[in-house]
Amino acid sequence: ITSTQLLDAFIRRAMEFEGTDSEIHYVHLRVFSVLGQWIDNHWEDFRTDETLLANLENFLKSVIDKFGETSVPGKVATRLVAKVVSKKDGVVKEVKKFGLEKAPNPRIPAGTPTCLLSWSPTEIARQITLRDWKLWQQIKPKECIGLAWTKEDRMILAPHIMEISENFNTLSLYTTTTIVTTVDLKKRQKVLDTFVQISYELFKLQNFNSVKAIWAGINATPSYRMKKTREEVLKRKKWILPLEEMMC
């Protein structure tokens, strides 16, 4: 059953029930009790589904209009409306809390960038992190229940976790492919060095997922077998080994 179907069932139960006034009030209070728990414990369902939230707000408004604000159902519905407003305000405050008052100036290379080496590792790490954060914040708590990402219908049960996984694999494969397809040894060493620097910048940004992805690509069999390329870079950067051991 979907969230929309569940809410519709609650609304039908409240609006279609027939009985005495006290019985109708009792049914409404039971429905409101469940809705209150839903809002408190699983607000993510409403935050990520504008239609679901609109249906909830319309239902509460209809109850207030039907029974009046001074009635028992009307008073409880009014409190739920206030709770919804509070939740929405809380989301706005949370977004502001984690936002930057002033974003750092981008490090854009002069002229027309033609390849990976044209860009600053710091800027690449920033852009990867911005993309990753956009994906991470879309994950719903229910996607983490019962190993949903391992099921046959995982693309339906955990679509955003699967997108994160695909993104990880894409970055890892890009790292390996870029290294092994660079023919010239000196240039290949520079490419590897760039990826190592990007991983370090990602580490400073605490984007450990993408650090792991890049090192998975660096340590993949095709790129790992390029001994001369690795030895030269490792020799120049002694701090690589602790980082590699930590993330691999």
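Predicted model: local features only at pLDDT ≥ 70, side-chain atom pairs only at ≥ 80, totals over all residues.
Trainee: How do the axes of α8 and α10 cross?

Mentor: Two packed helices are described by the angle between their axes and the distance between the axes. For α8 (residues 159–180) and α10 (residues 208–218), the axes come within 7 Å and cross at roughly 40° (lines fitted to C-alpha atoms over the stretch in contact, with angles from 0 to 180 degrees between N-to-C directions). α8 and α10 are therefore oblique to each other (under 35 degrees is roughly parallel, over 145 roughly antiparallel, 65 to 115 roughly perpendicular, the rest oblique).

Trainee: Which residues in α8 and α10 meet?

Mentor: On the α8 side look for F168, L171, S172, T175, T176 and I179. Their partners in α10 are N209, S210, K212, A213, I214, A216, G217 and I218 (contact means heavy atoms within 4.5 Å).

Trainee: At what angle do the axes of α2 and α4 cross?

Mentor: They cross at roughly 150° and come within 13 Å. That makes α2 roughly antiparallel to α4, and the crossing is left-handed. Among the α2 residues that meet α4 are F32, L35 and W38, while the α4 side includes L56, F59 and V63.

Trainee: Which residues in the largest nonpolar core touch the most other members?

Mentor: They are F32, L35, F46, L56 and F59, out of 23 core residues (buried Ala, Val, Leu, Ile, Met, Phe, Trp, Tyr and Cys joined through side-chain atoms within 4.5 Å; buried is under 20% relative accessible area, exposed over 50%, partly exposed in between, with a 1.4 Å probe on protein chains only). Elements giving two or more residues are α1 (3–16), α2 (21–41), α3 (43–47), α4 (50–67) and α5 (72–98). α4 gives the most, with 7 residues. Beyond four places in sequence, F32 is in contact with F59, L60, V63, P73, V76, A77 and L80. A second, separate core of 18 residues includes A125, F195, A213 and I218.

Trainee: Where is L147 found?

Mentor: L147 sits in the loop between α6 (121–136) and α7 (154–157). Most residues other than glycine have a negative phi. L147 has a positive phi of about 50° and is partly exposed, with a relative accessible area of 47%. Q206, in the loop between α9 (185–204) and α10, has a positive phi near 65° and is exposed at 60%.

Conventions. Residues numbered from 1 in each chain as written. Heavy atoms only, no water. Helix = DSSP H or I, 4+ residues; strand = E, 2+ residues; numbered from the N terminus. Left-handed = near helix turned anticlockwise from the far one by under 90°.
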